[in-house]
Amino acid sequence: MRGRNLLKFKNGSTFVIENIGIEVNGEEPIEIIDLSEATEKEFQQLQGKPDNKGIVQKIMNRVDKRGKDMV
Amino acid sequence: MDYDKLGLDSRLRAKSALSNIYPPIVRGVDFDGQYQVQTKNIRVSQLVGTSEVATATGGMDNNTSLTISATLNPNKSNNQPNFALPFLAAYIGTSAVGSMQLYPRYGAGIANAKYQVHSGFDYQSWNGTNMVFRVTVENNSGGSQNIFVTGRWKVLGYGYGTSSQG
């Protein structure tokens, strides 16, 4: 998988990835969150704790805001 | 008319002109299309390059398997088959700590009976032009574990563009 993404799997596993693919129990992720808007610091924080919901929400809010600003 | 007597060629250029003395300059692009190299020995600089870094970090429950897939896709503009070597390392934890390395070697802190690991170039999803290398880890340690993966490709850069990995 290209770029930076957060992958969520059916069994609850969460992975933060960059330029690599991950499958759990032979299955593709059920949700993919684009982390291209994450700062370097945020990405490193997620690498230390992939299930850090606060940082993920912060990144998603930023993406939402940018989308609204464009409209 | 015979221009030879005037010292000119058929294009009315002086026979002593540099363009008639030296062979024309062949640009790289022209050479690529016009010649096939046959030689016993060739020396090429800047043929081998390295890809961007790939990483993965996450949690793995007991009795689950994790498949790490490093794929290198050729540049679409030339679509020549990639030729590359993968360098991949996996660790228990959230960073690259030597004693906690799980693949390709077991670090001193890893009890090898707790994990099953195998890897290889995967024919299953190979399309003839890409490179696909996979590592599968099964966690039988009795508990949930964090895992950190990092790697890059060493790539033969004989095409016009760069390859993308994912």
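How many salt bridges does the rule find across the interface of chain B and chain A?

1. The rule finds 0 there, taking a salt bridge as a side-chain nitrogen of Lys or Arg within 4 Å of a carboxyl oxygen of Asp or Glu. Bear in mind that this is a predicted model, where local features need pLDDT of at least 70 and side-chain atom pairs count only at pLDDT 80 or more, while totals for chains, interfaces and linings use all residues. Residues are numbered from 1 along each chain as its sequence is written, chains are lettered from A in the order in which they are written, and side-chain values use heavy atoms, with hydrogens and water left out.

2. Polar contacts do turn up: 9 residue pairs across the interface, both at pLDDT 80 or more. (That's N or O atoms within 3.5 Å; within protein, one must be able to donate a hydrogen and the other to accept it, and residues adjacent in sequence count only if both atoms are side-chain atoms.)

3. On chain B's side, strand 2 gives the largest share, 7 residues (strands are DSSP E runs of at least two residues, numbered from the N terminus). That side splits into 11 nonpolar, 13 polar and 3 charged residues, with Pro counted as nonpolar and Gly as polar.

Terms used:
Helix = DSSP H or I, 4+ residues; strand = E, 2+ residues; numbered from the N terminus.
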